[in-house]
Each structure stands twice: as C-alpha cells, then as structure tokens.
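Here is a short briefing to read alongside the model.

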Amino acid sequence: MGQPEGGARREEGASAASELPPGQRLQRGWPVTHYGPVPRFKPERWEFRVFGATADGDKRCWNHEEFSALPFATVVADLHCVTKFSMLGAEWGGVLARTILELAPPAPNVTHVMVWAEYGYSANMRLSDFASEQTIFATHKDGEPLTAEHGFPLRLVVPHLYAWKGPKWVRGVEYMAADRRGFWEERGYHNIGDPWREQRYSYQEEPGDGPEL
Ligand SMILES: Nc1nc2c(c(=O)[nH]1)N[C@H]1C(S)=C(S)[C@@H](COP(=O)(O)O)O[C@H]1N2
Ligand SMILES: [Mo]
C-alpha cells in the first residue's frame with residue numbers, strides 16, 4: 001500500500017494515540033469550535049482575494065464560480081484544537097495553498113501571510129507553513145461539502161499547526177514582508193502554534209517566535 005506523502009493517515013489497526021501530539025486526546029465526531037456567529041454565504045457577494053505584497057503589486061480576486069473552477073486536490077490530515085481535542089485522518093478536498101501561490105505569486109521579500117476570514121477573523125503564519133504541500137483551502141471533508149458551521153464555502157487547513165491557524169469562512173490571503181499577529185495570536189495564543197512542540201500560549205514564545213506583544 002502506498003504511503004500518502006508526509007501524511008498522517010491512520011493505518012488499519014494502528015494505534016491512534018501514537019499520532020496524537022502531546023496533551024491531545026482523540027475526539028469522536030467533529031465538534032464545532034469558533035468565536036462569534038456563523039456567517040451566511042452570499043454567493044454573489046463572495047470573493048477570494050490575494051493582496052498585500054504580491055510579485056506584480058496587483059491584487060487577485062476570484063468570485064465563487066471562478067474559485068470553484070481551480071484545480072481540486074485532496075489531503076488526508078488531522079485537526080488539532082488547542083483546547084485539546086484532535087480529529088485524525090480526515091480527507092480534505094479543495095485548492096492547495098501552493099496553487100494559490102503559483103497563480104498569485106508573492107514578492108520575493110514575503111516572509112509571512114495573514115489569512116483573513118469573515119468578520120475580520122485572521123491567522124498569521126510563516127510563508128513556509130502556508131507553502132507546505134499539505135496546506136489546503138478546503139471546500140469538502142470526506143467527500144462532502146463543508147457544512148456552514150465547519151466553514152462553508154471555504155476554510156483553510158494547516159495540518160501541522162493548531163487548528164486556530166485554519167480560518168473557517170476564509171475570504172483571502174495577505175502577503176506580508178514582516179510578521180504580524182492574527183486574531184488569537186494577539187489574544188494569548190502562540191505565534192507559531194506547532195502542536196508537536198505544544199506551542200499553545202504566547203507566554204511560551206521564545207525570542208524570534210513572534211513580534212512583540
Ligand atoms: N473564522 C474562524 N475560523 C476558525 C475559528 C474561529 O473562531 N473563526 N476557530 C478556529 C479553531 S480554534 C478551531 S479548533 C477550528 C475548529 O474547526 P471546526 O469547528 O470545524 O472543528 O476552527 C478554527 N477556525
Ligand atoms: Mo481551537
């Protein structure tokens with residue numbers, strides 16, 4: 001059987017616990033976790049925007065129909081919430097972040113991105129985290145379109161970071177030449193958020209992990 005590239009697919013009979021980052025527990029089902037209300041999707045108003053330090057200095061916009069026509073990919077990956085539940089082995093379908101980077105390349109000085117969602121929710125990450133081959137703007141989970149509570153029509157999944165780094169109801173990406181904190185990163189959560197290193201809170205940050213608070 002082929003190994004999924006860098007994936008964390010759960011093999012039959014494998015112990016799920018061996019794949020849980022420290023301090024996490026397995027969750028049955030898929031809980032809904034977010035701050036604020038669930039936005040209503042208005043297809044005619046929706047657009048996905050790439051802006052900030054793009055290579056050519058121009059913004060790129062896709063309306064919902066255009067975005068839906070982008071190349072579709074799947075990634076099998078886990079979701080780790082900082083409140084300690086994990087969901088393992090989901091199949092996310094959608095558009096790879098790498099595809100967006102190819103279609104709307106960043107300027108050479110870009111080091112970080114801010115991913116923006118409805119109501120101003122945001123999450124910052126290093127360009128290298130965004131450019132991971134597993135980072136995906138998901139429209140589907142396990143073959144089904146996302147539900148409204150889980151981020152329909154589009155959410156980001158960054159499998160190697162805590163799940164707050166994956167905005168639901170995502171609407172765009174800002175390319176940045178310097179790091180800036182997003183919504184939870186300004187409110188006490190770790191600027192990088194690697195679950196394997198248990199980077200949960202900003203007080204754990206070491207020099208160089210993030211901008212001054
Ligand atoms: N727009 C938005 N996206 C968000 C959040 C949020 O508050 N707003 N919470 C994050 C957190 S903390 C988690 S754990 C996951 C939860 O995703 P789920 O509700 O689909 O399980 O969404 C992330 N994306
Ligand atoms: Mo979370």
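A polar side-chain atom of H150 sits 2.6 Å from an oxygen atom of ligand 1, a polar contact in the sense of two N or O atoms within 3.5 Å. This is a predicted model, in which local features need pLDDT of at least 70 and side-chain atom pairs pLDDT 80 or more, while totals for chains, interfaces and linings use all residues. Residues are numbered from 1 along each chain as its sequence is written, chains are lettered from A and ligands numbered from 1 in the order written, and side-chain values use heavy atoms, without hydrogens or water.

**Around the ligand**
- Ligand 1 is surrounded by 18 residues, and the closest are T33, Y35, H150, R155 and K168; a residue counts here if one of its heavy atoms lies within 4 Å.
- Y35 brings a backbone N or O atom to 2.7 Å from an oxygen atom of ligand 1.
- At G166, a polar backbone atom lies 2.9 Å from a nitrogen atom of the ligand.
- On its own, ligand 1 exposes 540 Å², and the protein buries 97% of that (Shrake-Rupley areas with a 1.4 Å probe).

**Aromatic pairs**
- There are 17 aromatic pairs, meaning Phe, Tyr or Trp rings (the six-membered one for Trp) with centres within 6.5 Å; planes under 30 degrees apart are stacked, over 60 edge-to-face and the rest tilted.
- Y35 and W184 make an edge-to-face pair, 6.0 Å between centres and 85° between planes.
- Because Y35 is in the loop between β1 (25-26) and β2 (47-52) and W184 is in the segment after β11 (170-176), this pair ties together parts 149 residues apart in sequence; strands are DSSP runs of E, at least two residues, numbered from the N terminus.
- Y35 is exposed, at 58% relative accessible area, and W184 is partly exposed, at 23% (buried is under 20%, exposed over 50%, partly exposed in between, with a 1.4 Å probe and protein chains only).
- The rings of Y121 and F183 have centres 5.4 Å apart and planes at 35°, so this pair is tilted.
- Y121 and F183 are both buried.
- One aromatic cluster is formed by Y35, Y121, Y162, W164, F183, W184, Y189, Y201 and Y203.

**Charges over rings**
- R187 lies over the face of F183, 3.9 Å from the ring centre; the rule asks for NZ of Lys or CZ of Arg within 6 Å of the centre and within 35 degrees of the ring normal.
- R49 lies over the face of F51, at 4.3 Å from the ring centre.

Terms used: Helices (H or I, at least four residues) and strands (E, at least two) are DSSP runs, numbered from the N terminus. A polar contact is a pair of N or O atoms within 3.5 Å; within protein, one must be able to donate a hydrogen and the other to accept it, and residues adjacent in sequence count only if both atoms are side-chain atoms.
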